[in-house]
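Here's a quick tour of a few local features worth a look. Have the sequence and the 3D view open as you read.

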Amino acid sequence: HAQSKKGERGRERGKEGREENSEDSMAGRYFNSVNITFGPHTSVSKLASLLASRSCIVITSKGSTARGVIDTIRDGLKGRTCNAYGDGVDFDGVFAVYDNAPPNPTIDDVTKAAEVMSEHEADAIIAIGGGSVLDLAKGVATLRSPGIPAGFLYKHLRHGKAFPLNFSPPPIFAIPTTHGTGSEVTMWATVWDTELERKYSLSHPRLYPEHAVIDPTLTVSCPEEVTVSTGLDALSHAMESVWNRNHNPIADALATKVIKVVPDALIHALSHPSCLHTRSTLLNASTLAGMCISGTKTAIAHSISYPLTLAFGLPHGLACSFTLPTVLRRIGQAGSAERIQPILDGLGVSTAEEGSDKLLHLFSRLHVGTHLTKYIPHPGSISKLDAPFLNKDRAGNSMLAMSNDEARQLAATAMEDILKRGE
């Protein structure tokens, strides 16, 4: 009888523990301060009213300028007044343009662009482009905050110098031209340090853009590799927010929606690149995925991606997504099925193994293997790469713990699996 009572008490304690763990799994927080406007042809029509009387600088890339995006914005803002040199000064179009945004902006790139903004006395930023453009804009906004000294980025990113309490960057109006970054609704910016061969994450709540304009017409001209890479970037953001120690119910729900729509939309976009409905689906999904990670940050797949981008020039979207099937399978094997249920629901499968197989099939249809081998000759190139695959700010968020060697081998295995599947 005593043993029976003891067993009952043990079972009760176990039950209480499971209930507490279950409650912990439902805990979390969510915040996002970005105003968002959706719709075709809204990028120009909305800007004039958003900017009010503020002078502005457009930060973009040479590609956007070549495609006529800047001319369109300039025409849309003609006749507007600004306060550049006093109230009510007329000017013809945008006040200044900086279109030297590179892929993977460095601290030096941010500093140069901030100097241009200072020279033109602009007090607002229009960031129009992909993730690198938006990253650059957030870096520039940081340096243009009143009282930020020269060299602050180096001290902050390399040595952890804190933001001043009165940090007040100029407002950012973000207009994505690819459907993957999600940066238009986050406070994160990736900045690279080529001297130390490191990637840093710039982050502050006041770096959320003031407004995001989601205009699918700007994504129609995306070539195939950019379409695939950025679309898979959005898929990665959604999945990474789920197998994340910072997960929350809102991100879970948004992630399921993103994972459900991105695969079919990506396949359709390759055969119908001018389909505005498909581009709108992908761009909206990208923004939702950005909202997922705006509170959770990314995790192990992104951690593994950084040395591959540095060493091989692998585009970010491919780098952070080709490991997704392998990570999903490993998490399933680790017994975390309940945590990845939002992913399984989105993929329409019952198990992690089925989900991994479905992702590999998707990658085959999207020719991911072909895109990968443009940059990485073969999986052995990854196995031989002597680099840190575990970024503490990203790997630390992951539900899947591993060593640096295990992370390197996971990436090599992931590439092997994709190439074996073929196209």
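## The model

Keep in mind that this is a predicted model.

## A helix pair: α9 and α16

Two packed helices are described by the angle between their axes and the distance between the axes. Here the pair is α9, spanning residues 224–242, and α16, spanning residues 352–365. Their angle is about 165°, and the axes sit 13 Å apart. Since angles over 145 degrees count that way, α9 is roughly antiparallel to α16. As for handedness, α9 and α16 cross in a left-handed sense.

Which residues do the meeting? On the α9 side they are Leu232, Leu235 and Met239, and on the α16 side Leu359, Leu362 and Phe363. Sort the residues of this contact by type and you get six nonpolar, no polar and no charged.

## Two loop residues with positive phi

Most residues other than glycine have a negative phi. Glu121 isn't a glycine, yet its phi is positive, at about 55°. You'll find Glu121 in the loop that runs between α6 (107–119) and β6 (125–129). Is Glu121 buried, exposed or partly exposed? Its relative accessibility is 41%, so Glu121 counts as partly exposed.

His367 belongs to the loop between α16 and α17, the latter covering 368–373. With a relative accessibility of 31%, His367 also falls in the partly exposed class.

Now over to strand β9, residues 198–203, which is where Ser201 sits. Ser201 has a relative accessible area of 22%, which makes it partly exposed; the buried class would need a value under 20%.

What does Ser201 touch, once its neighbours within four places in sequence are left aside? The contacts are Leu157, Trp188, Ala189 and Arg394. Take Leu157 to start with: 44 residues separate Leu157 from Ser201 along the chain, while their C-alpha atoms are 7.7 Å apart. Then there's Arg394, whose side chain makes a polar contact of 3.2 Å with the side chain of Ser201.

Conventions
Residues numbered from 1 in each chain as written. Predicted model: local features only at pLDDT ≥ 70, side-chain atom pairs only at ≥ 80, totals over all residues. Heavy atoms only, no water. Axes fitted to C-alpha atoms, helices over the stretch in contact; angles between N-to-C directions. Helix = DSSP H or I, 4+ residues; strand = E, 2+ residues; numbered from the N terminus. Parallel < 35°, antiparallel > 145°, perpendicular 65-115°, else oblique. Left-handed = near helix turned anticlockwise from the far one by under 90°. Contact = heavy atoms within 4.5 Å. Nonpolar A, V, L, I, M, F, W, Y, C, P; charged D, E, K, R; others polar. Buried < 20%, exposed > 50% of the residue type's maximum accessible area, 1.4 Å probe, protein only. Polar contact = N/O pair within 3.5 Å; in protein donor to acceptor, adjacent residues only side chain to side chain.
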